[in-house]
Amino acid sequence: GRLFGALIGWDGLGVTSFLLVIYFKNRKSLGRGMITALTNRVGDGFLLLLLGLSLLPRDHRSYLFTRLLILTAITKRAQFPFRSWLPAAMAAPTPVRALVHSSTLVTAGIYLLMRFNNFSTEWLIVLGSVTMLMAGFCACAEIDIKKIVALRTLSQLGVIAVGLSLALKNLCFFHLITHAMFKALLFMCVGVGIHTVFGRQDFRSYTVPNSVSPWPSFILTTANLALLGFPFLAGFYRKDRILESFYS
């Protein structure tokens, strides 16, 4: 019954995301909206199979249930190999991305794993580590500032996946909440910066002195420090705790 309820919010998020990506109604936005919609439809198909499987007796479904839950989660949270839709979804307006794509849509897959995953989670270490590595290398080669922020979201989801592999559900949920806060703050500051430099998204445009006013720059730096796990900011408490649990 809970899975059937999850399907409503799951599809609602997918529709909202598609409508936001095609907001500007030009050829690029429509193409990227189609990539987003089709990739998320794959995840919806896995979720429908999962719903059908949940009607079977518990003894016959554990192995297949696990595999389908993995596929459903990695599709929605843009995990490897379904990562292409998240940078493509950057065609959406920046302010609404702060809510939908940083704190609700891509974290839906992680929440699904937290909510319904009661089995062995060692495989999540591999998935989380590959995602972190891939997102880091892609961000190093990227020049679109919105895509860089999106790839940082991907790497944080990798950190949460590693935390889930250690069965730290409470800590991962805390990570999810704090990540939503400072990632939304990053998106808002980036939106102010894009507006200041007349719509350019190339981060090399921001090297001109005083091109962005000091106050948004200061807030952007604070959000980045929280993302890095700087001492006594939100990221410090949960990232260090995950690392300590990993090594012990």
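How many helices and how many strands are there in the protein chain? The points below start from that count and refer to a predicted model.

1. Overall make-up. The protein chain has 11 helices and zero strands. Read from the N terminus on, its elements run α-α-α-α-α-α-α-α-α-α-α. The chain has 248 residues, and 49% of these count as buried.

2. Contacts along the chain. Take the contacts in the protein chain with a separation of 6 or more: residues 24 or more positions apart account for 73% of them.

3. Helix H10, length. H10 covers residues 214–228, which is 15 residues. From its first C-alpha to its last it reaches 21 Å, close to the 21 Å expected at 1.5 Å a residue. After H10 comes Gly229, and the phi of Gly229 is positive, near 85°.

4. Which residues of H10 are buried? They are Pro216, Ala223, Ala226 and Leu227.

5. Met134. This residue is found in helix H7, which spans residues 123–140. Is Met134 buried or exposed? Its relative accessibility is 15%, and the cut-off for buried is under 20%, so Met134 counts as buried. Leu151 is 17 residues from Met134 in sequence, and the two are 9.0 Å apart in space, C-alpha to C-alpha.

6. The second largest pocket, size and centre. The volume of this pocket is about 280 Å³. It is lined by 16 residues, and the closest to its centre are Leu13, Thr104, Thr107, Ala108 and Tyr111.

7. The second largest pocket, sources of the lining. Which helix supplies the largest share of the lining of the second largest pocket? That helix is H6, with five residues. Helices that each supply at least two residues of the lining are H1 (2–21), H5 (94–104), H6 (108–116) and H9 (169–196).

8. By type, the residues of the lining divide into 11 nonpolar, four polar and one charged.

Key
Residues are numbered from 1 along each chain as its sequence is written. This is a predicted model: local features need pLDDT of at least 70, side-chain atom pairs count only at pLDDT 80 or more; totals for chains, interfaces and linings use all residues. Side-chain values use heavy atoms; hydrogens and water are left out. On a 1 Å grid over the protein atoms alone, a cavity is a set of points where a 1.4 Å probe fits but cannot get out, and a pocket is an open set with protein on both sides within 12 Å along at least five of seven lines; lining residues have an atom within 4 Å of a point. Grid points are joined across faces, edges and corners, and a volume is the space filled by probe spheres set on the points. Helices (H or I, at least four residues) and strands (E, at least two) are DSSP runs, numbered from the N terminus. Ala, Val, Leu, Ile, Met, Phe, Trp, Tyr, Cys and Pro count as nonpolar, Asp, Glu, Lys and Arg as charged, and the others, Gly among them, as polar. The expected span of a helix is 1.5 Å times one less than its number of residues. Buried means under 20% relative accessible area, exposed over 50%, partly exposed in between (1.4 Å probe, protein chains only). Contact means heavy atoms within 4.5 Å.
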